[in-house]
Amino acid sequence: NATSSAIEWSTTARDLGVDAVLVVAPYYNKPTQEGLYRHFRAVAEAVSNFPVVIYNVPGRTGCNIAAATTLRLAHEVDNIVAIKEASGDLAQIMAILRGRPNHFRVLSGDDAVTLPLVALGADGLISVASNEAPEFISRMVDLALSGNWPEARDLHYKLLPLMEANFIESSPGPVKAALALMGV
């Protein structure tokens, strides 16, 4: 939950050869929007020419990254390439989708709302349920991205009970229990 730690971990990840970093808002501290902007910008500048994905999950961090802040980062910092949006605020996500630059991707951070987000223009999903059912989640997203809404919707409703079960207790407990039962 400190910019210095986020820079250190991001630098290590880059040096180890990972493809990108997913950087969460500093939890507990509840920074202002300007503070969030400066946090993500500092991390991105420390690992320039390396992809940074913003992770907005206010239910975990205690603060929301506003659409205006996300768009400011997307337009001003070249290596901030995407956001994993798990705010649950459709109006906010639509504002990001409407105002984003061409290179910036919007990824659902909530399995259950992925289908409507793709319908609104989102680019994909960073998923919990894909740990348990990767082929089915991937297929649902691929169907939606290709415009095959009837099949994507059918698969969504088949997967919805799994998506919901993953949150019957605090995440990631349920998915870890499921994976243990699967021998993973």
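Ala, Val, Leu, Ile, Met, Phe, Trp, Tyr, Cys and Pro count here as nonpolar, Asp, Glu, Lys and Arg as charged, and the others, Gly among them, as polar. The model is predicted: local features need pLDDT of at least 70, side-chain atom pairs count only at pLDDT 80 or more, and totals for chains, interfaces and linings use all residues. Residues are numbered from 1 along each chain as its sequence is written, and side-chain values use heavy atoms, without hydrogens and water.

**Stop one: strand 3.** Select residues 80-85. Five of the six are buried (under 20% relative accessible area, 1.4 Å probe, protein chains only). Strands (E, at least two residues) and helices (H or I, at least four) are DSSP runs, numbered from the N terminus.

**Stop two: its neighbours.** Find Asn 56 and its bridge partner, Glu 85. Now show strand 4, residues 105-108, parallel to strand 3 and joined to it by four bridges. Here Ala 82 partners Arg 105. Follow the chain from strand 3 through helix 5 (residues 90-99) to strand 4: this β-α-β crossover is right-handed (clockwise from first strand over helix to second, with the strands pointing away from the viewer).

**Stop three: lining of the largest pocket.** Select helix 3 (58-61) and helix 8 (149-165); each supplies at least two lining residues. Which classes make up this lining? Ten residues are nonpolar, five polar and five charged.

**Last stop: helix 1.** Select 3-16. Helix 1 gives the largest share of the second largest pocket's lining, four residues. That lining has ten nonpolar, four polar and no charged residues.

Conventions:
Buried means under 20% relative accessible area, exposed over 50%, partly exposed in between (1.4 Å probe, protein chains only). Two strands pair if DSSP finds at least two bridges between them.
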